[in-house]
Amino acid sequence: VTTILVIEDSESQRGEIREALRSACLFDRIIEARDGIDGLRMMLAESPDLVLCDLEMPGLDGEKLLRMSRKDADAEHPTPFIVLTAVTDPARRAQLLQQGASDTISKPFHAAELIARVALHLELVRTQRELIQKNQELERLSRTDALTGLANRRQIDERLERECRRSQRYGSPFAIVLADIDDFKTFNDVHGHLVGDQVLVGVAGTMHDMVRDTDCIGRFGGEEFIVILSNNDRDGAEVFAERWRRSVERVRVPVEGGAIVSTTISIGIACWSPEIATPSPLLRRADEALYTAKAGGRNQVCVYSKVGAIKDEDSSESSS
Ligand SMILES: [Mg+2]
């Protein structure tokens with residue numbers, strides 16, 4: 001829906017503008033303000049796609065309105081602001097453009113010129129918004145793992161850096177939970193990579209309901225996943241990891257021939273402590289704990305502690 005806002009104190013001129021634009025089918029919706037105050041209110045409340053504003057108005061005039069609208073302009077939702085004016089002085093017009101006007105149109109206006117300029121600026125802003133959207137999509141894709149939709153390594157690294165800085169400054173703890181799918185290579189060899197991918201997607205799917213918005217879940221590498229638990233200590237991380245381990249046990253992936261396969265994960269936990277200034281020592285600790293979980297028979301959770309990776313209570317279930 002294309003909405004055009006016309007701010008013009010003369011009722012007859014508002015009517016002429018409306019008729020000209022209507023004849024060219026340039027809007028789905030036109031809203032009209034009879035003074036600057038009303039115009040400002042509508043600009044904020046209706047977020048129009050284009051503003052046509054008279055320069056000469058009593059009270060809040062077009063120039064003041066232009067300055068106000070450019071000051072809190074929304075970078076993600078650019079709105080062309082076209083000034084209608086009887087001023088013929090080129091220097092004065094140039095000044096309006098410098099202040100952020102998208103264009104100026106002479107009054108009394110010529111319908112064909114008005115239509116052409118409005119159409120031009122609507123088209124410009126449409127392509128501009130498309131570009132902004134595409135850039136945002138690219139930005140999102142560059143930070144996302146294509147297969148699972150989770151954060152990719154780049155996003156995880158950024159997040160870890162941020163968490164470390166935050167914890168250094170405020171002393172708020174956080175924990176990382178590193179999980180690795182058990183015997184994934186054998187699994188791929190037996191069932192093929194497509195089933196392997198489905199298992200990765202299945203494991204990724206178990207995490208969505210378990211984390212808070214403030215947490216970060218990602219695919220760390222091939223069959224490794226990571227969860228960064230903000231404002232969480234060892235106890236919280238252990239409870240989370242155990243729940244996660246169990247929910248992965250329940251994942252079922254159908255394979256060719258009607259069979260259904262399941263999988264398990266081993267988990268290593270490392271908690272931030274004040275001597276940790278960068279992500280790498282924390283990741284090393286989680287890795288060490290993960291190794292201990294694997295060595296202890298897989299499908300279990302281990303927490304790194306200062307005296308070495310101490311194995312947690314074993315799960316009763318056998319590993320697959
Ligand atoms: Mg006027």
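Which helix holds both phenylalanine 240 and tryptophan 244, and how many residues apart are they? Both lie in helix H9 (residues 234-249), 4 residues apart, about one turn of the helix. Helices here are DSSP runs of H or I with at least four residues, strands are runs of E with at least two, and both are numbered from the N terminus.

## Before we start

What you see is a predicted model, where local features need pLDDT of at least 70, side-chain atom pairs count only at pLDDT 80 or more, and totals for chains, interfaces and linings use all residues. Residues are numbered from 1 along each chain as its sequence is written, and side-chain values use heavy atoms, with hydrogens and water left out.

## Ring pairs

The structure holds 2 aromatic pairs. To pair, rings of Phe, Tyr and Trp (its six-membered ring) need centres within 6.5 Å; planes under 30 degrees apart count as stacked, over 60 as edge-to-face and the rest as tilted. Phenylalanine 184 and phenylalanine 187 make a stacked pair, 6.5 Å centre to centre with 5° between the planes. These two sit in helix H7 (residues 184-191), 3 residues apart, about one turn of the helix, and both are buried. Buried means under 20% relative accessible area, exposed means over 50%, and partly exposed is in between (1.4 Å probe, protein chains only).

## Where H7 meets H8

The axes of H7 and helix H8 (residues 193-207) come within 7 Å and cross at roughly 135°. That makes H7 and H8 oblique to each other. On the H7 side, the contact is made by Phe184, Phe187, Asn188 and His191, and H8 brings His193, Val195, Gly196, Val199 and Leu200. Contact means heavy atoms within 4.5 Å.

The axes are lines fitted to C-alpha atoms, for helices over the stretch in contact, with angles from 0 to 180 degrees between N-to-C directions. Under 35 degrees counts as roughly parallel, over 145 as roughly antiparallel, 65 to 115 as roughly perpendicular, and the rest as oblique.

## The magnesium ion

Which protein donors does the magnesium ion have? They are Asp9 (OD), Asp54 (OD) and Glu56 (O), lying 2.1 to 2.3 Å from the ion. Donors are N, O and S atoms within 2.8 Å of the metal (3.2 Å for Na, K and Ca), and sites may look incomplete because water is not among the atoms.

In sequence, the donor residues follow the spacing D-x44-D-x1-E. Aspartate 9 lies in the loop between strand S1 (3-7) and helix H1 (11-23), and glutamate 56 in the loop between strand S3 (50-54) and helix H3 (62-71), so the pair ties together parts 47 residues apart in sequence. Aspartate 9 is partly exposed at 33% relative accessible area, and glutamate 56 is partly exposed at 34%.

Most residues other than glycine have a negative phi, and most peptide bonds are trans. The bond from lysine 107 to proline 108 is cis, with omega near -5°. Aspartate 183 has a positive phi, near 50°, and is found in the loop between strand S6 (175-181) and H7.
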